[in-house]
Amino acid sequence: SYWYYGRALAAGEGYISYTSGVVTSYYPIGYPSLLGATFWLVDRLPIPGGDADVVAVLHAVLGTATVWFTYVIGRSVGGRRLGLVAAGLVALWPNLVLYTPTFALEPAFMAASTGALAVAASHDWDVGPPSLRRSAAFGLALAISVAIRPFSLPFLVAFAVAIVATRAGWRTALRCTGVAALVV
């Protein structure tokens with residue numbers, strides 16, 4: 001399904017159901033759009049290999065980003081050693097490795113969701129709440145994740161709770177979370 005939708009988007013046909021031929025929103029648009037943009041680019045450049053090869057490379061890049069984001073999160077939470085251990089575990093996790101050569105959305109979702117968490121976690125929470133700029137950056141990263149899989153939206157709640165935990169107060173938490181939610 002994702003391959004079909006990505007190919008249809010790359011061809012300019014829109015997000016059309018392959019069963020009914022009408023516009024659909026059965027799957028969130030994020031991953032099919034990523035595939036569509038990738039296929040559109042590959043169709044116009046002299047890149048060797050077929051769709052499966054290109055998607056495997058795309059997923060390898062996304063997997064590498066996930067490993068990096070995991071390191072950033074782990075380092076922010078527990079220091080460099082924890083970041084390295086966590087990144088190593090993610091890099092070698094069998095399910096994540098096995099999804100690389102597939103047309104499954106998991107590599108994209110993992111990169112997007114850990115990217116959003118890395119934006120939030122890399123803030124120095126000991127000095128207080130994040131700036132409105134960082135809140136907007138978190139919102140943008142989360143928006144990408146939500147476009148792939150909407151159930152990452154509760155990250156906004158966790159963001160608000162983290163801000164309240166800095167003793168910044170509910171007003172600040174609502175302001176920062178509101179900015180992030182507005183961007184999402």
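**Reading pockets and helix packing**

Biologist: How much space lies in the largest pocket?

Modeller: Rolling a probe the size of a water molecule over the atoms shows where empty space is left. Here, the largest pocket holds about 220 Å³. A pocket is an open set of points on a 1 Å grid over the protein atoms alone, where a 1.4 Å probe fits and protein lies on both sides within 12 Å along at least five of seven lines. Points join across faces, edges and corners, and the volume is what probe spheres set on them fill. Bear in mind that this is a predicted model, where local features need pLDDT of at least 70 and side-chain atom pairs pLDDT 80 or more, while totals for chains, interfaces and linings use all residues. Residues are numbered from 1 along each chain as its sequence is written, and side-chain values use heavy atoms, leaving out hydrogens and water.

Biologist: Which residues of the lining lie nearest the centre of the largest pocket?

Modeller: Look for G63, T64, L96, V97 and T100, which belong to a lining of 16 residues (each with an atom within 4 Å of a point). Two or more lining residues come from each of α3 (51-78), α4 (80-92), α5 (94-98) and α6 (106-121). The largest share, 7 residues, is from α3.

Biologist: How does that lining of the largest pocket divide by class?

Modeller: You'll find 10 nonpolar, 5 polar and 1 charged residues around the largest pocket. Ala, Val, Leu, Ile, Met, Phe, Trp, Tyr, Cys and Pro count as nonpolar, Asp, Glu, Lys and Arg as charged, the others, Gly included, as polar.

Biologist: How many helices and strands are in the chain?

Modeller: Helices (H or I, at least four residues) and strands (E, at least two) are DSSP runs numbered from the N terminus. This chain has 9 helices and 0 strands. Its C-alpha atoms fill a box of roughly 50 × 35 × 25 Å along the principal axes.

Biologist: At what angle do α1 and α2 cross?

Modeller: Axes are fitted to C-alpha atoms over the stretch in contact, with angles from 0 to 180 degrees between N-to-C directions. Helix α1 (residues 2-10) and helix α2 (residues 30-44) cross at roughly 55°, their axes coming within 7 Å. So α1 and α2 are oblique to each other (under 35 degrees is roughly parallel, over 145 roughly antiparallel, 65 to 115 roughly perpendicular, the rest oblique). The crossing of α1 past α2 is right-handed, with the near helix turned clockwise from the far one by less than a right angle. Contact (heavy atoms within 4.5 Å) involves residues including W3 and L9 of α1 and F39 and W40 of α2. That contact of α1 with α2 has 10 nonpolar, 3 polar and 2 charged residues.

Biologist: What about α7, and which residues of α7 meet α8?

Modeller: Helix α7 (residues 132-148) and helix α8 (residues 155-165) pack at about 160°, with axes 11 Å apart. That makes α7 roughly antiparallel to α8. S135, F138 and L142 of α7 meet F155, L156 and F159 of α8, giving 5 nonpolar, 1 polar and no charged residues.

Biologist: And how far apart are the axes of α7 and α9?

Modeller: They lie 7 Å apart, with α7 and helix α9 (residues 170-183) at an angle of about 35°. The crossing of α7 past α9 is right-handed. Among the residues in that contact are L132 and A143 of α7 and R175 and V183 of α9. By class, the contact of α7 with α9 has 9 nonpolar, 2 polar and 1 charged residues.
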